[in-house]
Amino acid sequence: MCGIVGYVGKRQACPLLLEGLRRLEYRGYDSAGMSVLHGRELHTRKKKGAIADGLSRLIAASPLEGRTGVGHTRWATHGSPSDENAHPHCDPHGRIAIVHNGVIENFQQLKQTLSGHTFKSATDTEVLAHLIGVHYDRIVAARPDTAPRDGSHHPLAQAVMNALREVIGTYGLAVVCVDDPTVLVGARRGSPLVVGIGREEHFLASDTTAIAAHTRDVIYLNDHDVVTLGSTTCHVASLGPDAAKVQVSRLEFDPEAAERGSHPHFMLKEILEQPRTVENAMRGRLNHEEATAKFGGLNMTLAELRDVDQIIIPACGTSWHAALLGEYLFEEFAHIPTEVEYASEFRYRNAPLEKHTLVLVITQSGETADTLAGLRESRRRGHKVLAICNAVGSTIAREADGGIYLHAGPEIGVASTKAFTSQLTVLILLALLMGRIRMLPPRRGQEIIRTLETLPQQMEAVLALNASIRRIALKYAAAQNFFFLGRQYNFPVALEGALKLKEISYIHAEGYPAAEMKHGPIAMIDENTPTVFVIPTDSLYHKTLANLEEIKARHGPVIALTTEGNTTLAPRVDDILHLPPTLEPLFPLLAVLPLQLLAYHIAVARGCNVDKPRNLAKSVTVE
């Protein structure tokens, strides 16, 4: 949630901060702001709304000069979106400016200790700014002018550390002060923060997308780290019991991958990228000779994998839908009992887990707060934790015992698309590996591998149906309710289709197992409520067809996704799309594409902001 960018160096800060905020806007777009130091003056601009409509116009009308500054794009937690609640926030004297991601859980108690302070906003962040200011005043008053001002001994860094010792909650923090316009301080606990190392300049950001155009050398801060940056200096201290561990990493990132190019929206660009991203997820991981998959980063031997007698998959949102497909895959391919958990519930449950339970967390960003908490609790209890993740260097990727990267590239659209199909591809490969070391015969393994290799080309064929999907979308764009139905492997696809439509078009949509409709939800069916059926000609085709007839008998419009060659279904439905034939466990990789495009075109037709849907942000790093 929210985006942070900071700069200290030889260049003008404002253009760099503004560029970074534009790249981070998918993390929050309720408001945006920045503070820049010019000499010993602090200049702040902030505005409610999207950056292009608010902050950019303010700065164009009143430019900012200075070589040190911080910026923020907000997803509201405490306090509604407004100019007053936008970051940065300052201490009472206007000397210190901070930007903050996360939640200060005890901000009300801290506020009560700041007697006599007047607050201009309803945010927890302003309370933290005042608290840092109080500690800064004490340090400056007690210190002689000759006191050292480097690293954690710098009075601003010390004030931040003293204040954070009183804080309960999470934070990613960037702080500047007028008394030293050559210093930028950052701190992290539970909310990601990365240092970018340049030539005579340093950056701070909550996501590498903000700074990748300017540097490839980065330090991923750990929880409790506090960093003090100058143009040529970088000092990391820790608020925890152990010394800070600093490791410089090299980004493998193409900044152009985070641009829309010629596409009208990131979401459409990322939908169309999926044949390549699925190919990337498979690259180098298929073992034809042994009819299995291979991974380099699991950090578990085949014997350890063979000992696994239960799999638990905590995840959130779209990743939860991928996890549900993973449950079906592990149970069918490897006969391993598998349970999918909402990470937000799993972290607080005392679920009984057997000794040889493998915990598999799935996350696009690698920073999802609930999933990270589930990972940490599982490791405390002595269980092996593997991560399926898209973000190299993310907290979950670093803290898991092993993992698998998606290699999908940056996903900017808030509604996840290519990450879902990449997650599903990796789950198929992992289930294949787990099956082959147990009871899955080589003939079946070879069949799965051969079929997987044809999928990118088949996905291209499905995406070629875009014009037909758009026509269907325009036909139903005015609907207020939708149902998405499927059975077995296609039930999670129905859930994902419903979520996509809800997220970006604000139409109420529900996904169900097809046979469950008659147990209550069918009461909602009428001539104005379309139902999307995922109904391939598979082993349950005739069962699903009977469910479809139940909808038609209530005069509900039906959109069907079926397999090429099915000539009997068209007269029974209102609209139909034919998809290439594939194995039953792999059909979701094809079926989800029309559902993503359907949601996209309906949202565009309704005038919705596809890439920035209301109330949502890309990476949920708060509880």
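## Strands E19 and E20

E19 and E20 pair in the parallel sense, over 6 bridges. Two strands count as paired if DSSP finds at least two bridges between them. The labels come from DSSP runs, numbered from the N terminus: helices (H or I) have at least four residues and strands (E) at least two. Thr363 stands opposite Cys389 in E20.

This is a predicted model, in which local features need pLDDT of at least 70, side-chain atom pairs count only at pLDDT 80 or more, and totals for chains, interfaces and linings use all residues. Residues are numbered from 1 along each chain as its sequence is written, and side-chain values use heavy atoms, with hydrogens and water left out.

## The five-stranded sheet

Which order do the strands of the open sheet follow? The order is E18-E17-E19-E20-E21, 5 strands with parallel pairing. Strand E18 (338–342) and strand E21 (402–405) stand at the edges. Each has a single partner strand, so one side of each lacks a neighbour in the sheet. On average, neighbouring strands of this sheet are turned by 20° against each other, direction ignored.

Strand E20 (residues 384–389) also joins E21, through 4 bridges, and the two run parallel. Here Ala387 stands opposite Gly403 in E21. In E20, 5 of the 6 residues are buried, so the strand is largely enclosed by the rest of the structure. Buried means under 20% relative accessible area, exposed means over 50%, and partly exposed lies in between (1.4 Å probe, protein chains only).

## Helices across the sheet

Helix H11 (residues 369–380) lies across strand E17 (310–315), strand E19 (357–363) and E20. H11 runs at about 160° to E19. Helix H13 (residues 418–436) lies across E17, E19, E20 and E21, and also runs at about 160° to E19. Axes are lines fitted to C-alpha atoms, for helices over the stretch in contact, and angles run from 0 to 180 degrees between N-to-C directions.

## Helices H15 and H18

Two packed helices are described by the angle between their axes and the distance between the axes. Helix H15 (residues 466–476) and helix H18 (residues 587–605) pack at about 50°, with axes 8 Å apart. H15 and H18 are therefore oblique to each other. Angles under 35 degrees count as roughly parallel, over 145 as roughly antiparallel, 65 to 115 as roughly perpendicular, and the rest as oblique.

Contact means heavy atoms within 4.5 Å. Residues of H15 including Ile469 and Leu474 meet residues of H18, among them Leu597 and Ile602.

## Strand E24

In a regular strand the side chains alternate between the two faces of the sheet. In strand E24 (residues 531–534), Thr531 and Phe533 point one way, while Val532 and Val534 point the other way; all are buried.

E24 runs parallel to strand E22 (residues 481–486), joined by 3 bridges. Leu485 has Phe533 as its bridge partner in E24. E24 also pairs in the parallel sense with strand E25 (residues 558–563), over 4 bridges. There, Val532 stands opposite Ile559 in E25.

Just after H7, Gly284 takes a positive phi of about 75°.

Is Ser31 buried or exposed? Ser31 is buried, with a relative accessible area of 0%. Ser31 is found in strand E2 (residues 31–38). Leaving aside neighbours within four places in sequence, Ser31 contacts residues including Lys47, His72 and Arg74.
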